[in-house]
Amino acid sequence: MKSVTTYAVTVIAFMALLITGCAAPTTQLPQVDQTLLGEEEQKQRKIALKSRVDMENKLAHISYPLLRAAIPFCKGKEEPHAGFNVWNRDLFPEDYRYAAESVFGVTDELIVSYVHVESPAHHAGVLAGDRVIAVDGQSVPTGEDAVEEFNELLSKKLKPGSVAKLTLQSSDKLKEIEITPDSLCDYEVLLREKDTVNALADGRRIVVFRGMMRFVESDQELSLVVAHEIAHNAMGHIDSKISNALFGAFVDIVAATSGVYTLGAVGALASLTYSPEFEEEADYTGLYIMARAGLEVEGAASFWRKVAVEHPQSIKFSHFSTHPATPKRFLAMERVIEEIKNKIDNQKPLLPNLK
């Protein structure tokens, strides 16, 4: 114990000596009032929270029609959806709950936070700010875990072709709402706090990073990004990559039993097999998803010129790249747009051409 104490004292003395030896500012710095500091912290939390919610709502607004339009490509992975979200105070991190109460008026009760304008909920009369009272006569939970429990309850009530009855309080009056759900591809679309200009799909979810949300300048560009990731999931690219990697790992094991040690190189290489082609197929199918959602695809290829400006290294073709070069993506997408326009003009089904 004595040696540990002596060591701690030595470290503290060394740190004190280090600090006294460092250069310090030479100007008279202003003193900050601690009360004002606390108030400013809350103001900045409110601004940050409002920005976050605005981004999440924009992502939900873009994703809903795309997930519905992609139904022909995600057979067996559909889910009934009413088209609205709820929240309460406990959904937010503890240090942001005061800000959430102040900005959005949340309590421990469930309140409708967002309604998509094309959804069954909107057409039935659900409004943002409505308080949720019951589902099919069953009272909804409040407090901690209430949002998760409500979503589970609602998913049990929402069945294809069936009607779910909601009791809501709007202002000071109760209203009974009947909702026949839409069918959407069952992929959760999430916003993540990361500044990278990127998005990804993992077979079950779609993740769009904050950096990408700031990078896109229009609804068309964000739709292109989300539709691309939906296509990755719907076309089974993630499962294919996993299957390829497992096959490569099997080859590594067989080689090792024969005395040839590959150090996992075959598995790593196999996981990248057809990666550029999967990206091209996601571009191709993603444009069809956009068109099926009634969105404008003309000019969408210009997004890859923006990416080339942001990442000049993506311009040059490389045999070792997992993504096609941006010039190839631009030109290929221009051809797909012409293909889609021809099908629209000739009243043909908006479905990709198969081999």
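The axes of helix 2 and helix 7 (residues 219–234) come within 10 Å and cross at roughly 55°. This is a predicted model, in which local features need pLDDT of at least 70 and side-chain atom pairs count only at pLDDT 80 or more, while totals for chains, interfaces and linings use all residues. Residues are numbered from 1 along each chain as its sequence is written, and side-chain values use heavy atoms, with hydrogens and water left out.

Helices (H or I, at least four residues) and strands (E, at least two) are DSSP runs, numbered from the N terminus. Axes are lines fitted to C-alpha atoms, for helices over the stretch in contact, and angles run from 0 to 180 degrees between N-to-C directions. Angles under 35 degrees count as roughly parallel, over 145 as roughly antiparallel, 65 to 115 as roughly perpendicular and the rest as oblique.

Helix 2 and helix 7 are therefore oblique to each other. Their contact (heavy atoms within 4.5 Å) involves Lys58, Leu59, His61, Ile62, Ser63, Leu66 and Leu67 of helix 2, and Asp219, Leu222, Ser223, Val226, Ala227 and Ile230 of helix 7. These residues divide into eight nonpolar, three polar and two charged; Ala, Val, Leu, Ile, Met, Phe, Trp, Tyr, Cys and Pro count as nonpolar, Asp, Glu, Lys and Arg as charged, and the others, Gly among them, as polar.

Helix 2 also packs against helix 3 (residues 97–104), at an angle of about 70° and with the axes 9 Å apart. The two are therefore roughly perpendicular to each other. On the helix 2 side the contact includes Gln42, Arg45 and Lys46, and on the helix 3 side Tyr98, Ala99 and Ala100.

Helix 11 (residues 303–310) and helix 12 (residues 326–345) are a further pair, with axes that come within 9 Å and cross at roughly 170°. They are therefore roughly antiparallel to each other. Trp304, Arg305, Val307 and Ala308 of helix 11 meet Thr326, Arg329, Phe330 and Met333 of helix 12.

The contacts of two pairs, by class:

| Contact | Nonpolar | Polar | Charged |
|---|---|---|---|
| Helix 11 with helix 12 | five residues | one residue | two residues |

The largest pocket is lined by 42 residues, of which Asn85, Asn151, Glu188, Val189 and Leu190 lie nearest its centre. On a 1 Å grid over the protein atoms alone, a pocket is an open set of points where a 1.4 Å probe fits, with protein on both sides within 12 Å along at least five of seven lines; lining residues have an atom within 4 Å of a point. Helix 2 gives the most to this lining, with ten residues. By class, the lining has 26 nonpolar, nine polar and seven charged residues.
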